[in-house]
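Try each task before you read its solution.

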Amino acid sequence: MAYPQAPWTLKGYAIQTLQLIDIDRARPFIPKELDIISVWPGKTLGGVYVSSYGLGSVLEYNELIVVAGVVNYSGKIGGWVSHIYVDNSDSVAGGREIWGLPKELAEFIWVKGEQSNVTIRQGDRQLCSLTYSQPSFGLPIPFSGPVLSSLGTDLLLFKGEVESRLGLINSKLIVPAESPFSSLNLGQPWLSVYGDDLRLVAGAPQVVGNRSVEFT
């Protein structure tokens, strides 16, 4: 596969939801070496991120990221991506071989309007559907999000540096029982944000630890 080396610069738009997830439900998707951070009794913070990267990106593709929780390893804190789907095979290869992310191919169907919708499918199986409104206003806000991942027996840490105009929106997430991440029981978002004029830089990872066995 032909994919660029890190860092990757990606431009487009995205929707981010935040949900409280039961730590007991998140645990099977997260290596035992990582401590799951509780933000509420018995709950960690997770959510879904759906994006479309177009002109100006190192690769053009759509993406669904499922964050199962916020984790800690030796004082290093970040989100843990339990599931990630794209519609570009070069992105799959780069995500797996550079960042250790479990990328898989999927189909993205966008319907734009006052109430927009994106549905993500793998063959006959629907992974999820997200209906969302357009923001009434947006503010240019830069931020950085650390992520922990696993490549072979190495534990990795990398950062996503984001610049975007962000606005609060209403959204409704549907995760069918057939979906591989339905057991997370994501439920309805308590916060949803739409970002346009998005510029995301996925930084090169660094090794921060080792696992006794490879995590799959």
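**Exercise 1.** Find out whether Tyr13 and Tyr194 are buried or exposed.

*Solution.* Both Tyr13 and Tyr194 are buried; buried means under 20% relative accessible area, exposed over 50%, and partly exposed in between (1.4 Å probe, protein chains only). This is a predicted model: local features need pLDDT of at least 70, side-chain atom pairs count only at pLDDT 80 or more, and totals for chains, interfaces and linings use all residues. Residues are numbered from 1 along each chain as its sequence is written, and side-chain values use heavy atoms, with hydrogens and water left out.

**Exercise 2.** Work out how the rings of Tyr132 and Tyr194 are arranged, and which strands they connect.

*Solution.* Start with the rule: rings of Phe, Tyr and Trp (its six-membered ring) pair if their centres lie within 6.5 Å; planes under 30 degrees apart count as stacked, over 60 as edge-to-face and the rest as tilted. The centres of Tyr132 and Tyr194 are 6.1 Å apart with planes at 20°, so this pair is stacked. Strands here are DSSP runs (E, at least two residues), numbered from the N terminus. Finally, widen the view: Tyr13, Trp110, Tyr132 and Tyr194 form one aromatic cluster.

**Exercise 3.** Find which residue of S12 stands opposite Tyr132, and where its side chain points.

*Solution.* Tyr132 stands opposite Ser171.

Terms used. Helix = DSSP H or I, 4+ residues; strand = E, 2+ residues; numbered from the N terminus. Pairing = 2+ DSSP bridges.
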